[in-house]
Amino acid sequence: VSRIGWILFLVNKQSELTCTDNPIIWKSAKDGRRHKSTASAELSAIVDSIHGCYATAKLVQKIWPDVKLRIFTDSYTAYLQVSNANHRKDPLCEASCELVEQLLGDLHGNLEWIENHLQIADQLTKWHPLNKLSSP
């Protein structure tokens with residue numbers, strides 16, 4: 001069983017996350033589902049993250065209509081599958097990709113790939129032996 005997590009930040013107008021940006025909603029949970037592939041698991045995590053922050057993102061967009069949702073993933077395979085239909089081989093992955101496209105379209109958002117060492121969701125949402133604030 002793996003652990004999935006995501007964080008929704010309210011980010012200033014700059015394109016990069018800074019220390020002045022605020023996490024406004026987050027989730028960390030064990031994923032009890034079994035997946036046929038790593039890509040399927042990563043796509044499910046992306047769908048979960050969009051579903052999880054959907055209502056909050058809509059509320060923020062009512063207050064600031066020009067706000068865009070940017071979803072970051074460190075899974076290059078999942079990113080390629082969502083951004084390029086030629087990379088979709090599994091019907092379940094195809095359905096997940098279509099759902100991601102639909103939800104991001106509704107939120108005026110996009111999916112972006114980020115290098116693993118630059119992402120911060122794992123450090124803030126997954127248990128690590130050095131992190132005394134988390135529990136296994």
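The model described here is a predicted one. Asp106 falls into the partly exposed class too, with a relative accessibility of 33%.

Lys58 and Asp106 form a salt bridge, and their closest N and O atoms are 3.6 Å apart. This pair joins distant parts of the chain, as Lys58 sits in helix 1 and Asp106 in helix 3, 48 residues apart.

How many salt bridges does the chain have? The count comes to two. Besides the pair of Lys58 and Asp106, there is a salt bridge in which the side chains of Arg70 and Glu112 meet, at 2.7 Å from N to O. Arg70 belongs to strand 3 and Glu112 to strand 4, so this pair ties together parts of the chain that are 42 residues apart in sequence. Arg70 is partly exposed, with 35% relative accessibility.

## The chain as a whole

The secondary structure consists of four helices and four strands. Along the sequence they follow the pattern β-β-α-β-α-α-β-α. The chain has 136 residues, of which 29% count as buried.

Contacts can also be sorted by how far apart the two residues are in sequence. Among contacts with a separation of 6 or more, 67% are between residues 24 or more positions apart.

Helix 3 runs over residues 91-106, which makes 16 residues. From its first C-alpha to its last it reaches 23 Å, close to the 22 Å expected at 1.5 Å a residue. Which residues of helix 3 are buried? They are Cys93, Ser96, Cys97, Val100, Leu103 and Leu104. Viewed down the helix axis, these buried residues fall within an arc of 130 degrees, so they line one face of helix 3. An α-helix has 3.6 residues a turn, so residues three or four places apart point the same way.

The buried residues of helix 3 pack against helix 1 (38-63), strand 3 (70-73), helix 2 (76-83) and strand 4 (110-113). On the face turned away from the buried side, helix 3 carries the exposed residues Pro91 and Gln102. Just after helix 3 comes His108, which takes a positive phi of about 55 degrees.

Leaving out residues up to four places away in sequence, Ser96 touches Leu43 and Val47.

Helix 2 has buried residues as well: Ala78, Leu80, Gln81 and Val82. The cover over the buried residues of helix 2 includes helix 1, helix 3 and strand 4. Gln81, which has its place in helix 2, has 7% relative accessibility and counts as buried. What does Gln81 touch, not counting residues up to four places away in sequence? Its contacts are Ala39, Leu43, His87, Arg88, Cys93 and Cys97. Cys93 and Cys97 are among the buried residues of helix 3, and Leu43 is also touched by Ser96.

## Residues at the surface

Leu59, Ile63 and Trp64 make a nonpolar surface patch of about 330 Å². Where does Trp64 lie? It is in the loop between helix 1 and strand 3. Trp64 has a relative accessible area of 43%, which puts it in the partly exposed class.

Lys36 is in another loop, between strand 2 (22-31) and helix 1. With 75% relative accessibility, Lys36 is over the 50% limit and therefore counts as exposed. Lys36 and Leu92 are 56 residues apart in sequence, while their C-alpha atoms are 9.4 Å apart in space.

Technical notes
Residues numbered from 1 in each chain as written. Predicted model: local features only at pLDDT ≥ 70, side-chain atom pairs only at ≥ 80, totals over all residues. Heavy atoms only, no water. Helix = DSSP H or I, 4+ residues; strand = E, 2+ residues; numbered from the N terminus. Expected span 1.5 Å × (residues − 1). Buried < 20%, exposed > 50% of the residue type's maximum accessible area, 1.4 Å probe, protein only. Arc of directions from axis to C-beta. Contact = heavy atoms within 4.5 Å. Patch = residues over 30% accessible without salt bridge, like charges linked within 9 Å, V, L, I, M, F, W, Y side chains within 5 Å. Areas by Shrake-Rupley, 256 points an atom, 1.4 Å probe, with all protein chains shown as cover. Salt bridge = Lys/Arg side-chain N within 4 Å of Asp/Glu carboxyl O.
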